[in-house]
Structure formats: C-alpha cells, structure tokens
Amino acid sequence: MKENIIATKTFDFALSIVNLYVQLKKENEFIISKQILRSATSIGANVEEAIAAQSRKDFIHKMSIASKEARETKYWLRLLDKSDLTSIEVNNYLIEVEHIINIITKIIKTSQESK
C-alpha cells in the first residue's frame, strides 16, 4: 500500500503538537495551548475524513476544512511565538505547518482542476 504523505505529515504534526501542549501546560500556559491542540489535531482528522470521502466534492470540502484548521494553527503558533507566555521555541512548528498548508493547497487545486 502506497504511503499517503499528507496523512502521515499531519499525523506526525499532531503528535508533535500534543507534546508541545504537554510542555506548555508544564509552564502554566493553558489558553493558547488548548487552541493550538484543537486546531492542529483537527488538520489530520479532516485529512483522514477526506481520504474516505464519498465524492470529489466531499473530498475537496474536507481538505478545505483541513486547510482552514492548518491556517488557524499557524495563527495560534504565531501568537504564542510573539507573546511572552512561554520561552518554548515554536519556529519549527511554524515551518512544518506552512509545509502542510502548501501541500493541502496544492491537493485542493489539483482536485478542483481535474473535474
């Protein structure tokens, strides 16, 4: 079976965000960390739903939601990065979510073009 790169990437990213969330909780950051956890784990969940889509329209819809969740995650990570709430470095997370956004955007555009 061929590996689904975006499914793997989003799963690995969600796992890394779970670990970030644990670190943030140890530093008593409970507000932004929870938002990041919710949006970041939702990216992969929506990718998984897209993989099981019932139609191309459904696939594009689920991938579009994944894209929105990725962009929301980027927002929360940027906010965390610029705030004084923690000393944890989030630049690698920002780079990874940007890669995910780019891949999902390409998938959506390709799917829309191949109608």
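Is valine 47 buried or exposed? Valine 47 turns out to be buried, since its relative accessible area is 0%; here buried means under 20% relative accessible area, exposed means over 50%, and partly exposed is in between, using a 1.4 Å probe and protein chains only. The model is a predicted one, so local features need pLDDT of at least 70 and side-chain atom pairs count only at pLDDT 80 or more, while totals for chains, interfaces and linings use all residues. Residues are numbered from 1 along each chain as its sequence is written, and side-chain values use heavy atoms, with hydrogens and water left out.

Valine 47 sits in helix H2 (helices are DSSP runs of H or I with at least four residues, strands are runs of E with at least two, and both are numbered from the N terminus). Leaving aside residues up to four places away in sequence, valine 47 touches Ile6, Ala7, Thr10, Met63, Ala66 and Ile104, where contact means heavy atoms within 4.5 Å. Leucine 24 is 23 residues from valine 47 in sequence, and their C-alpha atoms are 26 Å apart in space.

Next comes the core. The largest nonpolar core has 28 residues, and Phe13, Leu20, Ile43, Leu77 and Ile104 touch the most other members. Take isoleucine 43: not counting residues up to four places away in sequence, its contacts are Thr10, Phe13, Ala66, Glu69, Ala70, Thr73, Val97, Ile100 and Ile104.

So how do the helices pack? Two packed helices are described by the angle between their axes and the distance between the axes. Axes are lines fitted to C-alpha atoms, for helices over the stretch in contact, and angles run from 0 to 180 degrees between N-to-C directions. H1 and H2 pack at about 160°, with axes 9 Å apart, and are therefore roughly antiparallel (over 145 degrees; under 35 is roughly parallel, 65 to 115 roughly perpendicular, and the rest oblique). Their crossing is left-handed, which is the case if the near helix is turned anticlockwise from the far one by less than a right angle; clockwise would be right-handed. Among the residues that meet here are Phe13 and Leu24 in H1, and Ile43 and Val47 in H2. By class, this contact of H1 with H2 has 14 nonpolar, four polar and two charged residues; Ala, Val, Leu, Ile, Met, Phe, Trp, Tyr, Cys and Pro count as nonpolar, Asp, Glu, Lys and Arg as charged, and the others, Gly among them, as polar.

For H2 and H3, the angle is about 160° and the axes are 8 Å apart, so this pair is roughly antiparallel. The contact of H2 with H3 holds 15 nonpolar, five polar and four charged residues.

Most residues other than glycine have a negative phi. Asparagine 28, however, has a positive phi, near 65°. Asparagine 102, in helix H4, is partly exposed at 45%.

Definitions and conventions
A nonpolar core is a set of buried Ala, Val, Leu, Ile, Met, Phe, Trp, Tyr and Cys residues joined through side-chain atoms within 4.5 Å.
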